[in-house]
Amino acid sequence: MLANRWPLIIFFVILTVGCQDRSSKRDRDNDFPVENTWRVIGPGGGGGVMKPTISPFDENFVMTHCDMTAAYLTLDGGERWKIKNLWTVPEDFEFDPVDQHTVYAAVRGYRYSEDRGSGLSILYRSENRGESWHIVYPDLEKVKRSERLQGIDFLPSEIIDGALDGTIAKVKVDPVDNRRIFLGMAPLRAYMGSSGQDVADSAMLVRSTNYGEDWELLTRLPGKSIKAIFPCQIYGSPGEVLVFTESACISVNERTGVIKILPVPVETIIAAEGGYEKNSGLLYIQSTFENKEGKVQGGMYVSRDLGRSWTLSNNGLFKEVPEGMVPRFRQGLAVCEKQPAVAYISTMSPVKNKDENTEIIYSVYRTVNGGGEWHPVLLSSTPGGYITENFEGSWMEESFDPGWGGSPINLGVAPGNPDICYAGDNGRGYKTTDGGKTWEQIYSHNLEDGSYASGGLDVTTCYGVHFDPFDEEHFFICYTDMGLFHTFNGGESWFHSITDVPRSWQNTCYDLTFDPEVKGRVWSVWANAHDLPRTKMFGRRGFDRFKGGVAVSEDDGRHWIKSNGGMPENAICTNILLDPDSPPDSRTLYVSVFDKGVYKSVDGGKSWDAANVGLADNLFAWEVDQNSKGRLFLLCARGERNGETVDGCIYFSDDDAGSWQQLDLPEGVNGPHDLLIDHENPEIMYVSCWPRREGDRDVDGGVIKTENGGMSWEQVFDERIRVNAAGMEPGRPETIYINTFHNAAYRSDNAGKSWKRLEGYRFKWGQKAVPDVNHPGMLFLTTYGGSVFYGPATGVPGAFEDIENLPEGWW
C-alpha cells in the first residue's frame, strides 16, 4: 500500500553546508540549486539503518546512522533528514536528560587493515540539536601525534596520553545527574573481522563526573561487547551501575570499582534495555532461542529487581511456529524509558504455509504488560507481503518483497511516549505513532507521477553517474543493493530502472553505457555480488556462486532485455565499454567480468566470447577502457585467494582484445583501483591506487601519473591515501578530480602538480568524481554509503564541516 502523502515537496533535500541563508536560487537552464552548497541526490534508503534514538524532549528529533559511516538527524519526525559526517562509523547516540539541545554521538575505533585503514573512537557532543559537534573524549590537550591516522597502524594510547585502547560501544548519561557520563568500551579489532588484533581481553566501563572534562577507568568487565549501562540511583540504588555485556550482568560499585557478577539465565545476551517508573526498574534481556531435545530455552527475560532475578517472557512468540523450530532475533529491542511495561522486539519466525512449506515471517512484537504477553504489530514475508496490511511504503516496497529489508536490526521508542517507535532494517527506516497499529516508511517521498524523491535518509553505495547524450535532464545512478535509478527531470525525482532485469541480478548495477548515435539505447551490467572490489567480498568460497550479466534497453531504461548469450550465468559484470568507431547496428562492446576476465561482443551484445589471451592469474577484471588511438586497457583489482594477496595489475591490447600485455607499474604498487586517460593526449594517464601496508603504515597508494603511455610513472598524490577514482573536466584535461576513502575529495587545476581539497564534502568513504557534462562548474561525488553528493566543482570555501575541533592533521 503506497501513499502519496507529500505531493508538494522540495527536491532531494539533505546536505546544506556553508550558508546561513538556506533559500534556494534556481537557474532557468539548471534546476539544481546554484548557491554554494553540496546536496545529496537519489531516491533515499537502500542500506542498513541503525540505532534510531529519540529525544526525550521532542519526539520529532531523532538520530540514526547507516552501516557505512554517516549519521542522520531529523527534526520533523522523519519527513526530512540531514546527514552528519563524524569522521568514522557511528556506534551509539545518547540524549542529555536535562538539556534539550544536547546530544552525544560515539564513533567506532578499529585496528588497521589494508582495505580500510585505522580508526579512532571518539565521543562527540552537540549543544545545538546536532548542528555542530565537538570532541569530549579523548582529551585533545594530550595529543602526541597529529598525522593522517587512517593510514597508520596505531593504538589510541600511542596517539593521545591517557587514551584507553578500546572503542566506545555504548554511551549513557546518568538521568539523575547529567554531569555523569558513562562509556562502555569494547576491545579494538580490524573494521572487518578481528584479524587476531584484539588488544584487550575484556570490555571496560569508563566514567566522567564533570561533564566530560576528565575521564577515569572504573573497571574492566567480563565480555567483549557492551549491551547496556544503567546508573542505578534512579532505581533507588545510589553508587551502583549495572552493566550488561554479551556474557554477563555486572553490578559495579562506583566508589571502589569492585564488580559483582549477577546470575543470568542464559549464556549469551543479544540485547538489553530497560526503564524506570515510580522509583522502580524493569529490565529486559534478549537471548538466542535454542531447542535442546525438544525443550525450548532462551528468548526474552525480564527483571524487576535490578538483575537479581529473571522471569522468562516468551508468551505469544511461538504462535504458529512449528514444533521443533524456534524464532530468531536480530537484536531489535526497545523499551519505553518512562513506561517500561511497553517494549518492542523484532524476530524472524518460521511458519508452515498452506503448502506445508516453511517460510520466514519478519515480525515486530509489542508488549504492554512488561513482557507478560507479546502481540504482533507488524508481520510480513517474502511470499505473503505485508500480512498485517498496515505498512505504507515507497519504492522499496514496490520493487522488492519484505525479505529484502528483513526484520528490524534496531528499534527505538520515544522515552516518554510508548506509541512512537522507529525501526531500521537492511534498507529502510520506518515508524509507528500509534503503538504499531500502522507503520510508514521515512526514507523517501512518493510523487504523483510514480517517481520518488529522497527524504534525506540516503544510506547506500553507488558507482557511476551516466548521462543521456540526447537528453540533458535524463541520467542514471548505478547502485549497490538497489540496482539502478534514473531521472528525467535533472535529479528532482527518480524511477527505479530494473523492469525485466533478472531478479537474481538486481542487487547491483555496476556500470552502463549509452549508444552515442541511437536514442534510447543503453547497456547495463549487473551482479548479485555487491561492494566489489572491497576485501570483504573475497571469501574462500570464491565467486562462482554469484550471478550476473548484461542487459540492453531500447527505451531509455524503462525496460530491459537480458543480453548475455555466451556468458556464463555466474558472470559478475563490473564495467562495460562501447567502441564508438563500431557500426551502430553491430556495436563492439567489452565487459569486465570479475574473476573471469574480459568478454567481447561484435553484435551489440547479442553474443559474447571470452577475450583473455595473455592475461595471467589475476582475473579480477574491474575496469576496461580505451584511449583515443584505440588501445584497450584492462584494470584487474587487487584481491585475495586462499587467504593470500593477489596483486592488482593493468593490461593493454592493441588488437581489439585479441591479446593482452601487462603494463608495468612502479615497484610496490599493487592496488590499482581506477584508470583515467587524458581525453586529448592518450599518452597521459592517471591511476588511482589503494595503498598497501609496509611496517606500520600505508604506502604506494594515492595517484600515479604517466606522460608516456606507461613507460614511466610519478607519484602525484599522497601515497597514504585510498583513492577510489578520478575524473577529468570535459574540455579541460588539466583539471582532475579525485574521490577518496579518507573523508575528502580533491581538485587539481594543473594536471596533478598540486591539489586542493573540495571544502564542504567530508563523507568518509568516497567512490567516484564525475563532472556534470551538462552544467560546467558542477560535480557529482558518488559514495560508499551516502548516495551521490552534488555541488560546485570548486567546493564550498569556508564551509562548516560538522566537527568543531578535530585536529586537522588527523583527517
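**View 1. Tyrosine 110 in its buried setting.** Tyrosine 110 has 1% relative accessibility and so counts as buried (under 20% relative accessible area; exposed is over 50% and partly exposed in between, with a 1.4 Å probe and protein chains only). The model is predicted: local features need pLDDT of at least 70 and side-chain atom pairs pLDDT 80 or more, while totals for chains, interfaces and linings use all residues. Residues are numbered from 1 along each chain as its sequence is written, and side-chain values use heavy atoms, without hydrogens or water.

**View 2. The ring pair of tyrosine 110 and tyrosine 191.** Rings of Phe, Tyr and Trp (its six-membered ring) pair if their centres lie within 6.5 Å; planes under 30 degrees apart are stacked, over 60 edge-to-face, the rest tilted. The count is 48 aromatic pairs. In this one, the centres are 5.1 Å apart and the planes at 70 degrees, so the pair is edge-to-face. Tyrosine 110 lies in the loop between strands S9 (103-107) and S10 (122-126), and tyrosine 191 in the loop between strands S13 (181-187) and S14 (203-208), so the pair ties together parts 81 residues apart in sequence. Strands (E, at least two residues) are DSSP runs, numbered from the N terminus. Tyrosine 191 is buried, at 10% relative accessible area.

**View 3. The ring pair of phenylalanine 244 and tryptophan 310.** This edge-to-face pair has 6.0 Å between centres and 80 degrees between planes. Phenylalanine 244 is in strand S17 (residues 240-245) and tryptophan 310 in the loop between strands S24 (300-303) and S25 (311-312), 66 residues apart. Both residues are buried.

Methods: Helices (H or I, at least four residues) and strands (E, at least two) are DSSP runs, numbered from the N terminus.
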